[in-house]
Amino acid sequence: NLVVFDADTGENLRRVGGPGTAPGQFERPNGIAVIDDLLLVVERDNHRVQVLSLPAFKPLAIFGAGELRVPYGLWIDRKGEGEFDVYVTDSYQEADGMPPPLEQLSERVKQYRMRRTGDEVKVDYTRSFGDTSASGALRWVESIHGDPPHGRLLIAEEFLETGSTLRVYDMGGQYLGIDLDPSHFD
């Protein structure tokens with residue numbers, strides 16, 4: 001379910017959807033973002049992203065099922081009128097629950113191009129990226145946020161063995177060699 005609250009009072013207004021795989025149903029909703037009157041919801045266990053219109057929560061599109069394994073966070077970058085880039089983190093793991101070897105971490109972030117005309121939403125897979133070096137790899141990735149004026153993506157690395165941090169990538173998907181100090185994160 002999605003739970004809708006009044007932002008001013010904190011009042012629980014309603015629940016939207018329920019468990020399942022049909023449009024408007026959700027399995028482990030995790031990442032969520034709003035742009036204009038569109039709500040995007042990452043579903044970890046359905047391996048997809050749903051696009052719903054607000055305020056009716058009408059399903060408009062589902063994407064990512066062909067590429068996403070264990071999606072978590074997302075960020076939307078407006079590219080023009082009705083056109084957006086959507087970045088989705090994908091924290092797939094090995095059978096033992098550990099991250100894959102470094103050379104297999106080049107697909108930690110998936111990028112999509114979303115186009116909207118009225119109630120029609122089309123989404124195309126663009127690419128994936130992730131550094132495979134020991135210093136820049138995204139071993140346990142969750143949240144993502146963009147800073148277009150500075151050309152940066154801030155990507156949460158939450159692997160306890162190396163320390164949680166935010167890794168800084170450019171908008172082209174290249175690790176810039178910059179991390180926030182891990183001592184700032186528990």
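Setting aside neighbours within four places in sequence, Glu 142 touches Tyr 72, Gly 73, Thr 89, Ala 156 and Glu 158. Please keep in mind, as we go, that everything here comes from a predicted model.

So where does Glu 142 sit? It belongs to strand 11, which covers residues 141-147. Is Glu 142 buried or partly exposed? Its relative accessibility is 22%, so Glu 142 counts as partly exposed. Glu 142 and Glu 158 are separated by 16 residues in sequence, and their C-alpha atoms are 7.3 Å apart in space.

Now for another glutamate, Glu 157, which is part of strand 12. Why does Glu 157 count as buried? Because its relative accessibility is 0%, and buried means under 20%. And what does the side chain of Glu 157 have beside it? One of its polar atoms lies 3.1 Å from the backbone nitrogen of Arg 139. Again leaving out neighbours within four places in sequence, the contacts of Glu 157 include a run from Ala 137 through Leu 138, Arg 139 and Trp 140 to Val 141. Thr 162, Gly 163, Ser 164, Thr 165 and Arg 167 are also in contact with Glu 157.

Let's stay with strand 12 and look at what pairs with what. Strand 12, residues 152-157, is antiparallel to strand 13, residues 165-170, and six bridges connect them. Within that pairing, Leu 153 faces Tyr 169 of strand 13. Strand 13 also pairs with strand 14, residues 175-179, in an antiparallel arrangement with three bridges. Here Tyr 169 turns up again, this time opposite Tyr 175 in strand 14. If you like glycines in turns, have a look at the hairpin of strands 13 and 14: four residues lie between the strands, and Gly 173 has a positive phi near 90 degrees.

Strand 1, residues 2-5, and strand 2, residues 12-16, are antiparallel partners with four bridges. Val 4 has Arg 14 as its bridge partner in strand 2. This hairpin has six residues between its strands, and Gly 10 has a positive phi near 80 degrees.

Strand 3 is joined to strand 4, residues 38-43, by five bridges, and the two run antiparallel. For a landmark, find Pro 29, which stands opposite Glu 43 in strand 4.

A further open sheet of four strands has the order 7-8-9-10, also with antiparallel pairing. Strand 7, at 71-80, and strand 10, at 120-129, are the edge strands here; each has a single partner, so one side of each is left without a neighbour in the sheet. The twist from one strand to the next averages 25 degrees. Between strand 7 and strand 8, residues 83-90, there are seven bridges, and these strands run antiparallel. Among the paired residues are two aspartates: Asp 77 has Asp 85 in strand 8 as its bridge partner.

Let me finish by zooming out. How many helices and strands does the protein chain have? It has zero helices and 14 strands. Its radius of gyration is 17 Å, close to the 16 Å from the globule rule for 186 residues, so the chain is as compact as a globular protein of that length. The C-alpha trace spans about 45 × 35 × 35 Å along its principal axes. Of the 186 residues, 43% count as buried. If we take contacts between residues at least 6 apart in sequence, 38% of them join residues at least 24 apart. Finally, the chain exposes about 9,300 Å², and carbon and sulfur atoms supply 49% of that area.

Key:
Residues numbered from 1 in each chain as written. Predicted model: local features only at pLDDT ≥ 70, side-chain atom pairs only at ≥ 80, totals over all residues. Heavy atoms only, no water. Pairing = 2+ DSSP bridges. Buried < 20%, exposed > 50% of the residue type's maximum accessible area, 1.4 Å probe, protein only. Polar contact = N/O pair within 3.5 Å; in protein donor to acceptor, adjacent residues only side chain to side chain. Contact = heavy atoms within 4.5 Å. Axes fitted to C-alpha atoms, helices over the stretch in contact; angles between N-to-C directions. Rg over C-alpha atoms; globule rule 2.2 N^0.38 Å. Areas by Shrake-Rupley, 256 points an atom, 1.4 Å probe, with all protein chains shown as cover.
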